[in-house]
Protein chains: 2
Amino acid sequence: MDEKQWIMEIIGQTDKEYKITDKQARILEVAIQEFADKGYSNTSTSEIASKAGVAEGTIFRHYKTKKELLLAIVTPTLTKGIAPIIERTCVKDIFNKEYESFEDFLRFLLNNRYQFLRSRAPIMKILLQEAAFHDEINADLKRLFTNRVYQEFTKIIAHFQDKGQLKIFPTDTVIRLMLTSIVGFLVTRFIILPGYKWDDAVEVENTVAFIMSGLKA
Amino acid sequence: MDEKQWIMEIIGQTDKEYKITDKQARILEVAIQEFADKGYSNTSTSEIASKAGVAEGTIFRHYKTKKELLLAIVTPTLTKGIAPIIERTCVKDIFNKEYESFEDFLRFLLNNRYQFLRSRAPIMKILLQEAAFHDEINADLKRLFTNRVYQEFTKIIAHFQDKGQLKIFPTDTVIRLMLTSIVGFLVTRFIILPGYKWDDAVEVENTVAFIMSGLKA
DNA sequence: CTTAAAAATGAGTGAGTACTCACACTATAA
DNA sequence: TTATAGTGTGAGTACTCACTCATTTTTAAG
């Protein structure tokens with residue numbers, strides 16, 4: 001259920017029954033695997049086809065081009081993944097005063113993103129790699145960041161600065177330092193050194209403590 | 001002089017006169033540009049040749065394969081860049097007691113790496129992108145990190161923990177938090193948002209302060 | 001069963017790829 | 001001048017790539 005949750009995001013329907021053949025699922029599975037391992041450009045459609053036990057033409061029945069296959073894999077994790085969860089789950093709760101302290105918010109955010117990435121590390125690797133070269137991905141990424149993440153974070157930081165919990169620092173700098181530590185942790189954990197023996201709970205706690213020391217009033 | 005310092009690193013000789021033709025220099029220049037802009041796999045040798053105003057055969061006169069050209073570009077920045085400066089400049093000075101405080105060391109390190117990357121951002125982008133897929137690069141990176149950076153940092157941290165300046169945290173965690181903030185700053189500054197209007201001196205100072213808050217005893 | 005639509009096939013296509021090689025040019029030194 | 005070695009050339013080669021399409025197989029409803 002949890003392991004293949006991404007496939008539902010890619011298909012686009014969670015509840016309704018949606019036609020998806022075994023072969024289509026295998027194409028996606030193999031494509032994600034290979035794109036993450038060897039890179040989009042170094043993976044041929046014929047290779048995806050043979051490893052998925054499918055004819056090459058079958059890929060192009062479902063996806064007009066190879067790039068469309070890439071975007072089908074990457075876009076849901078980008079849009080349904082990054083933006084809404086931060087907005088709805090976190091921000092709403094914060095202003096509903098579920099979180100009394102910035103530290104609680106930070107802890108929730110880090111755990112939440114950790115859980116999200118656990119089952120999507122390969123897709124995220126593809127996303128980070130290819131964002132550099134495909135304008136479609138890059139534009140989406142920048143738009144989502146500035147319209148959602150950045151705006152919401154600005155509000156949250158102002159909120160907790162007003163409550164006297166945070167240093168009065170330039171907002172951009174606070175966001176940079178905070179995201180750098182969070183993203184740095186997640187990227188190190190899931191992409192650079194996924195094999196290292198982490199005690200994840202401890203690392204999360206240390207990271208929260210580290211960020212808080214630098215930002216609290 | 002400073003802008004094309006990388007070419008000396010690539011040729012391998014700083015002092016001695018070393019034969020390098022105009023065309024060879026143009027090949028390197030164009031290759032770096034294109035690899036950084038569009039990625040190694042998406043850049044063809046014929047394209048490099050035409051943009052450098054050179055016949056395609058000329059590239060293969062100097063570099064047996066396309067990959068050899070990539071490694072020629074990337075290896076010097078990896079070896080002559082990352083490892084020795086940290087080792088010689090920083091570590092030596094630290095144990096010569098030029099740095100009384102961890103904060104001074106941190107400030108020096110950040111400024112030093114900042115200067116280093118300023119003229120090598122495109123090469124560093126290529127390095128980070130391609131390290132994921134080329135074992136030659138990846139192996140070098142891991143070897144240099146564990147044998148140099150990691151070992152030296154371990155000593156330095158122990159040194160300042162003994163002096164009572166640093167929290168007694170697990171060394172691995174301290175290194176992770178510290179490097180995450182440093183690398184995060186440099187990558188954001190030079191690769192993700194090079195066009196953003198940074199006040200670099202201020203950002204360096206804030207980053208040093210942020211790291212120190214989280215690590216000092 | 002019949003039948004029609006949907007899914008799947010895989011040989012085929014043309015464009016593009018990294019790389020080669022026989023030849024030409026140029027510079028230096030005898 | 002001639003000899004030699006390094007540099008440069010670009011048409012040519014074998015191959016791989018993403019993508020097509022006429023055909024076959026599978027699915028599902030009547």
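**Entry 1: DNA strand D**

A residue counts as near a strand if one of its heavy atoms lies within 4 Å of it. I start from that cut-off, and I keep in mind that this is a predicted model.

Which element gives the largest share of the surface near DNA strand D? I find that α4(B) does, with four residues. I then looked for elements that supply at least two residues each to this surface. They are α4 (56-62) of chain A and α4 (56-62) of chain B.

Next I listed the neighbours. DNA strand D is surrounded by 16 residues. The closest are Thr45(A) and Lys66(A) from one chain, with Lys23(B), Thr58(B) and His62(B) from the other. Of the atoms of DNA strand D that come within 4 Å of the protein, 55% belong to sugar and phosphate.

I sorted the residues of this surface by type. Eight are polar, five are charged and three are nonpolar.

Then I looked up single contacts. A polar backbone atom of Thr45(A) is 2.8 Å from a phosphate oxygen of DNA strand D. Arg61(B) reaches a base: an N or O atom in its side chain is 3.4 Å from a base oxygen of DNA strand D.

**Entry 2: DNA strand C**

How many residues are around DNA strand C? I count 17. Those that come nearest are Lys23(A), Ala55(A), Thr58(A), Thr45(B) and Lys66(B). Sugar and phosphate make up 62% of the atoms of DNA strand C that come within 4 Å of the protein.

Which element gives the most to the surface near DNA strand C? I find α4(A), with four residues. At least two residues each come from α4 of chain A, and from α3 (45-52) and α4 of chain B. By type, I note nine polar residues, five charged and three nonpolar.

I picked out three contacts to phosphate oxygens of DNA strand C. A backbone N or O atom of Lys66(B) lies 2.6 Å from one. A backbone N or O atom of Thr45(B) lies 2.9 Å from one. In His62(A), an N or O atom of the side chain is 3.1 Å from one.

**Entry 3: chain B against chain A**

Last, I looked at where the chains touch. Chain A brings 33 residues to the contact, and chain B brings 33 residues. I read the buried area between them as about 2,600 Å². Carbon and sulfur atoms give 57% of that area. In chain B, the residues that lose the most area to chain A are Phe133(B), Arg176(B) and Phe210(B). Together they account for 28% of what that side buries.

How many salt bridges are there between chain B and chain A? I find two. Arg176(A) forms a salt bridge with Glu203(B), and the closest N and O atoms are 2.7 Å apart.

I then asked which elements build the side of chain B that touches chain A. Those giving two or more residues are α2 (22-38), α7 (121-131), α9 (171-192) and α10 (200-215) of chain B. The most come from α9(B), with nine residues. I close with the types on this side: 13 polar, 12 nonpolar and eight charged.

Technical notes. Residues are numbered from 1 along each chain as its sequence is written. Chains are lettered from A and ligands numbered from 1 in the order in which they are written. This is a predicted model: local features need pLDDT of at least 70, side-chain atom pairs count only at pLDDT 80 or more; totals for chains, interfaces and linings use all residues. Side-chain values use heavy atoms; hydrogens and water are left out. A polar contact is a pair of N or O atoms within 3.5 Å; within protein, one must be able to donate a hydrogen and the other to accept it, and residues adjacent in sequence count only if both atoms are side-chain atoms. Ala, Val, Leu, Ile, Met, Phe, Trp, Tyr, Cys and Pro count as nonpolar, Asp, Glu, Lys and Arg as charged, and the others, Gly among them, as polar. Contact means heavy atoms within 4.5 Å. Buried area is the accessible area (1.4 Å probe) that two parts lose on being put together, summed over both. A salt bridge is a side-chain nitrogen of Lys or Arg within 4 Å of a carboxyl oxygen of Asp or Glu.
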